[in-house]
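Subject: Structure handover

Hello,

Here is the structure I said I would pass on. My notes on what was found in it follow below.

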Amino acid sequence: PLLTRRNLLKASAVAGAYGVGVGIAGKFGVAEAAPEPQVLKALKTTASLTDSGVTKDIMTWGDAGMPPVLRMTKGKPFAARLTNTLDEPTTIHWHGLRIANKMDGVPFMTQPYVYTGDSFDYAFTPPDAGTFWYHPHCNTLTQMGHGMTGVLVVEDPDDPTFDAEVVLNLRDWRLGGDGQFIAAFRPRDAAKTGTYGTVRTANWHQEPQYDAPAGGLIRLRIAVTDVTRIFSLKMEGAEATVIALDGNPVPKRFPLDLLLIGPGQRLDLAVRMPDNEGAIATLEDIRGTTPKTIAKLRAVGTSLKRNVGDLTALGENPVAKHDLSAAQKIPLILSATAESAPVDSICGTLGYSFWAINKIPWPGDTPDPTAPLAELKLGKSYILQLENVTPHTHPIHLHGMSFTVLSSPTRDVMPLVTDTYLVQPDEKVQLAFVADNPGDWLLHCHIIEHQKTGMTSYVRVV
Ligand code: C2O
Ligand code: CU
């Protein structure tokens, strides 16, 4: 299933043919006729993930197995209607999109959860182009663990021209030898790295292979949507250049070489396919003892002889520039916590409390939130001073706003603009941003067992 540029254009032509609706104006977008909503029907189904038979109790949106790769255009309105046919409440969070608070998909905080049989209309205008993703924010370990993690692409009409595009949704499944789901987690692992899946997939297939034009330039959009696994990515057999991380262009392109990328993060690569027909480029995860193949690209046709240097730059996203001289610092300590009583919720509880931010454990989706970490003034600059005092790595995600990585005394960091930063053990890092989006915004670890056992809080922008 190779996505050629022509197919993409066809798909967007269809999307553009939808009728007109009521105009909507977002803070970050222009008023324009709202499109017909794309229906995202949350449902239970089966899928063929392993050789040991069909897996039951899969959760997804729509009838196509893996959740659809949603495509939208920077600055153009998008609408989706979530309808819930699961036997539990759900919502959709649009990870990394800087949109209005009431569209953010956090139950109790930004919207009511969507009961069985109910629906909810999401409508927004994505301000930034890039690779993003979407997932529920209710009973997350179960719903995401059982399949509800989808990739979202925001296109920019001025994007450089590639010869093909391949989207990879990377995730594991916790399945037993019979191909059926086993316990979602082990408490002793939740208190450490999180519990790993047993079956690895890209686009719900083990080691899939895609055809791509020989000698061509491929845009490989990778989203780590797994609930636990951190990857160390490497490309064998082709030259791969990092062009964007977490939806935003990197300040300077660099060759892919063992890049660590954690749950919630995205990576855009320009892959120069080999010239010889039949040659294979392999994306590998080299974290752990033996390299694991994630996906393969096979060169087809006569070489297009493209040169990665010919690619024009990706456009900057309109993220407000922070003012360091006026920025107020917000210290945040990520720690383990003495086990306290977990809070029960309609959005599920794991029954344990292992982690905390500034000593307060909170699972993030209960009717009675903890107090906000800080109250931020709209339009002012802030620096999150994250300190990880645990021996584990935590991908920390802020909703609603993107931040710039300023410095880390323990390693060299690029001034990346991102929504998810992988905080290493014992690392301290400074993340600067402008509080330009009003509302309550979650900040949490994207290792879902950590999120659900306490490593969650939020900031309030007023
Ligand atoms: Cu990917 Cu709170 O989200
Ligand atoms: Cu964590």
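**Strand β27 and its neighbours**

β27 and strand β32 (residues 439–445) pair in the antiparallel sense over three bridges. Here strands (E, at least two residues) and helices (H or I, at least four) are DSSP runs, numbered from the N terminus, and two strands pair if DSSP finds at least two bridges between them. Before going further, note that this is a predicted model: local features need pLDDT of at least 70, side-chain atom pairs count only at pLDDT 80 or more, and totals for chains, interfaces and linings use all residues. Residues are numbered from 1 along each chain as its sequence is written, while chains are lettered from A and ligands numbered from 1 in the order in which they are written.

Five of the five residues of β27 (residues 394–398) are buried, so the strand is largely enclosed by the rest of the structure. A residue is called buried if 20 or more other C-beta atoms lie within 10 Å of its own, exposed if 12 or fewer, and partly exposed in between, with C-beta atoms placed from the backbone. His394, Ile396 and Leu398 point one way from β27, and Pro395 and His397 point the other way.

**Domains**

The domain assignment, which is automatic or from a database, gives domain 1 (3–155), domain 2 (164–310) and domain 3 (324–461). The contact between domain 1 and domain 2 takes 31 residues from each, where two residues are in contact if their C-beta atoms, placed from the backbone, lie within 7 Å. On the side of domain 1 that touches domain 2, β10 gives the largest share, five residues. That side divides into 12 nonpolar, 15 polar and four charged residues; Ala, Val, Leu, Ile, Met, Phe, Trp, Tyr, Cys and Pro count as nonpolar, Asp, Glu, Lys and Arg as charged, and the others, Gly among them, as polar.

UniProt, in an unreviewed entry, places the feature "domain: Plastocyanin-like" at residues 49–158 and 364–460; such annotations may be inferred rather than shown by experiment. The chain over residues 49–158 is 5% helix and 39% strand, with its end C-alpha atoms 37 Å apart. Over residues 364–460 the figures are 5% helix and 46% strand, and the end C-alpha atoms are 14 Å apart.

One open sheet has four strands in the order β5-β4-β7-β9, with mixed pairing. Its edge strands are β5 and β9 (119–124), each pairing on one side only. Six bridges join the antiparallel strands β4 and β5, and Lys44 stands opposite Met59 in β5.

Another open sheet has five strands, ordered β14-β22-β21-β16-β19, also with mixed pairing. β14 (209–213) and β19 (259–261) are at its edges with a single partner strand each, so one side of each is left without a neighbour in the sheet. β19 is joined to strand β16 (residues 231–236) by three bridges, antiparallel, and Ser232 has Leu260 in β19 as its bridge partner.

**Asp156**

Asp156 lies in the loop between β11 and β12 (164–173). Asp156 is partly exposed, with 15 other C-beta atoms within 10 Å. Leaving out residues up to four places away in sequence, Asp156 touches Lys74, Ala129 and Gly315. Asp156 and Asn317 are 161 residues apart in sequence and 10.0 Å apart in space, C-alpha to C-alpha.

Regards
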